[in-house]
Amino acid sequence: MGKMSVNLLGIELDNPVIPASGTFGFGYEFAEIYDINILGTFSFKGTTKDPRFGNPTPRIAECPNGMINAVGLQNPGVENVISEELPKLKNCFNKPVMANVSGFSIDEYVYTCERLDKCEQVGWLEVNISCPNVHGGGMAFGTSPEGAAEVVRAVKAVTTKPIIVKLSPNVTDIVAIAKACEAAGADGISLINTLLGMRIDLRTKKPVIANKMGGFSGPAIFPVAVRMVYQVSHAVNIPVIGMGGVSSAEDVIEMMLAGATAVQVGAANLVDPLACKKIIEDLPRVMEKYGIDNLKDIIGGVQ
């Protein structure tokens, strides 16, 4: 069997498959279904300084080959995550976990990152400056190189663990923003977050979800994600984590060829809770099919 391990900013992962934030809760829920220690790691539910109830319902709309969600960063707040969620996770997951952080101001990002940076279980901080489902924060920082860099500099000043910046595809120049993050000290880039989408109910003539617009994810966005991962990975000298519509072992290989060191799986987890397990189990077959002996060798290997 080929070698599936990859190194993500100094931490060796058994394989490159990472459930994406917002699709895997805090992990222990999925541990009731299968042994989540087979994962490379996972990115836990987006966490903010204060508890958030999230957006009004309905929050989800189905689409051909995807879905739109506007959950709105519902989470119990960072203090509860540290005191309640991480201890539960420790009972079923023995690897470093990726902490996903969101905020509505620089100060909120700084506070939350500083608190989670002190947690032994946290291996990386994934700083989300790309959420399209909330007003007045999140994506507002990720739509310009200057705003993105400001967040990165602020959180790097109070943390010791690797900072991975999660970027939005809802911009005109993803490469400029990624390069600004790298220049400000980011250790890695993850992309793409969801595209901004909308559905309308023909009977009521109103938007399907209460927030009107939300994040569009699923297989339909995969080609956009591959393109952006390729562009960014060839423009920066830090690792890229690819995501966006990944639903098979073949998709993982394609993302890595485009330049991803590791690959996150999002909406597929909501369709099939065993999605990541199946992808990991199928990777050896796909590697053999395409003559791949070591996944590390194919990163950025597109001709």
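**View 1. The loop that holds K205.** K205 is found in the loop between β11 (200-201) and β12 (206-207), where strands are DSSP runs of E with at least two residues and helices are runs of H or I with at least four residues, both numbered from the N terminus. This is a predicted model, in which local features need pLDDT of at least 70 and side-chain atom pairs count only at pLDDT 80 or more, while totals for chains, interfaces and linings use all residues. Residues are numbered from 1 along each chain as its sequence is written, and side-chain values use heavy atoms, with hydrogens and water left out. Although K205 is not a glycine, its phi is positive, at about 60 degrees. K205 counts as exposed because its relative accessibility is 68%; buried means under 20% relative accessible area, exposed over 50%, and partly exposed in between, with a 1.4 Å probe and protein chains only.

**View 2. The loop that holds L9.** L9 lies in the loop between β1 (6-8) and β2 (11-13), and this residue, which is not a glycine, has a positive phi of about 55 degrees. With a relative accessibility of 25%, L9 counts as partly exposed.

**View 3. Two cis peptide bonds.** The peptide bond from T57 to P58 is cis, with omega near 0 degrees, and P58 is found in the loop between α1 (28-31) and β4 (60-63). A cis peptide bond also joins L191 and I192, with omega about 15 degrees, and I192 is found in the loop between β9 (188-191) and β10 (195-197).

**View 4. An open sheet of 4 strands.** The strand order in this open sheet is β4-β5-β13-β10, with antiparallel pairing, two strands being counted as a pair if DSSP finds at least two bridges between them. β4 and β10 stand at the edges with a single partner strand each, so one side of each is left without a neighbour in the sheet. From one strand to the next, the twist averages 35 degrees, based on axes that are lines fitted to C-alpha atoms, for helices over the stretch in contact, with angles from 0 to 180 degrees between N-to-C directions. Strand β13 (residues 214-217) is joined to β10 by 3 bridges, and the two run antiparallel; the bridge partner of L195 in β13 is F216.

**View 5. The strand residue L196.** L196 has its place in strand β10. At 40% relative accessibility, L196 counts as partly exposed.
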